[in-house]
Amino acid sequence: MARYHGKKGVVYLSTTGTGAATMVIGLTSWSIDRSTDKVDVTSFGDSNKTYVQGLPDTKGSFAGNWDDTEAKVYTASQSSDGCKIYLYPSADSATKYHYGPAWVDFSMQVDANGAVKVSANFVANGAWGAML
């Protein structure tokens with residue numbers, strides 16, 4: 001079992017649902033949440049709450065420093081058919097990643113006392129998988 005530092009995380013992104021995904025430069029973080037819905041089915045007389053599991057709800061985010069040569073995140077956010085995302089925890093373990101189609105929302109933050117930042121939130125636009 002190997003452990004990794006996050007400094008070599010990588011995000012690949014396409015700008016359309018059918019385009020090729022390429023590495024996004026300037027990013028410093030990403031996250032993914034693959035939680036499932038839980039529905040309360042507790043009935044009279046049960047000794048504790050009881051739940052059934054529903055569908056997974058894949059969503060996440062990525063963020064970093066704005067690079068004026070990198071427009072993929074913004075372009076993907078404008079796509080009418082979504083995009084493809086590949087999230088690698090480490091470039092040193094290129095066979096381990098999360099992937100799937102997504103809808104992306106783009107944000108930019110500008111602070112007079114800091115670096116210009118970009119960020120994006122995404123939600124699934126179809127089935128997601130993982131090679132972990």
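A salt bridge is counted where a side-chain nitrogen of Lys or Arg lies within 4 Å of a carboxyl oxygen of Asp or Glu. By this rule, four salt bridges are found in the structure, which is a predicted model. One of them joins Asp 92 to Lys 8, with 3.3 Å between the closest N and O atoms. This pair links distant parts of the chain, since Asp 92 belongs to the loop between strand 7 and strand 8, while Lys 8 belongs to the segment before strand 1, 84 residues apart. Lys 8 is partly exposed, its relative accessible area being 36%.

Two further salt bridges may be described. The side chains of Lys 49 and Asp 40 meet at 2.8 Å, N to O, and Asp 40 counts as partly exposed at 38% relative accessibility. In the salt bridge between Lys 72 and Glu 70, the closest N and O atoms are 3.1 Å apart. Lys 72 has a relative accessible area of 16% and is therefore buried, the limit being under 20%. Glu 70 is likewise buried, at 14%.

Aromatic pairs were also searched for, and the whole structure contains eight. A pair of aromatic rings is described by the distance of the centres and the angle of the planes. For Tyr 86 and Tyr 97, these values are 6.1 Å and 55°, and the pair is tilted. Tyr 86 lies in strand 7 (residues 83-88) and Tyr 97 in strand 8 (residues 97-109), so the pair ties together parts that are eleven residues apart in sequence. Tyr 86 is partly exposed at 25% relative accessibility, whereas Tyr 97, at 19%, is buried. Both residues belong to a cluster linked by ring pairs, together with Tyr 12, Tyr 88 and Tyr 99.

Tyr 12 is located in strand 1 (residues 10-13). On the surface, Tyr 12 forms a nonpolar patch with Met 23 and Ile 25, and the accessible area of the three together is about 240 Å².

In soluble globular proteins, nonpolar side chains tend to be buried together. The largest nonpolar core of the model has 14 residues, and those with the most contacts inside it include Leu 13, Phe 62, Cys 83 and Val 104. At least two residues of this core come from each of strand 1, helix 1 (72-77), strand 7, strand 8 and strand 9 (117-124). Strand 7 supplies the largest share, three residues. Beyond its neighbours within four places in sequence, Cys 83 is in contact with several residues, among them Leu 13, Ala 76, Pro 101 and Val 104.

Terms used
Residues are numbered from 1 along each chain as its sequence is written. This is a predicted model: local features need pLDDT of at least 70, side-chain atom pairs count only at pLDDT 80 or more; totals for chains, interfaces and linings use all residues. Side-chain values use heavy atoms; hydrogens and water are left out. Patches are made of residues with over 30% relative accessible area and no salt bridge: like charges are joined within 9 Å, nonpolar side chains (Val, Leu, Ile, Met, Phe, Trp, Tyr) within 5 Å. Accessible areas come from the Shrake-Rupley method with a 1.4 Å probe; for residues, only the protein chains shown count as cover. Helices (H or I, at least four residues) and strands (E, at least two) are DSSP runs, numbered from the N terminus. Rings of Phe, Tyr and Trp (its six-membered ring) pair if their centres lie within 6.5 Å; planes under 30 degrees apart count as stacked, over 60 as edge-to-face and the rest as tilted. Buried means under 20% relative accessible area, exposed over 50%, partly exposed in between (1.4 Å probe, protein chains only). A nonpolar core is a set of buried Ala, Val, Leu, Ile, Met, Phe, Trp, Tyr and Cys residues joined through side-chain atoms within 4.5 Å. Contact means heavy atoms within 4.5 Å.
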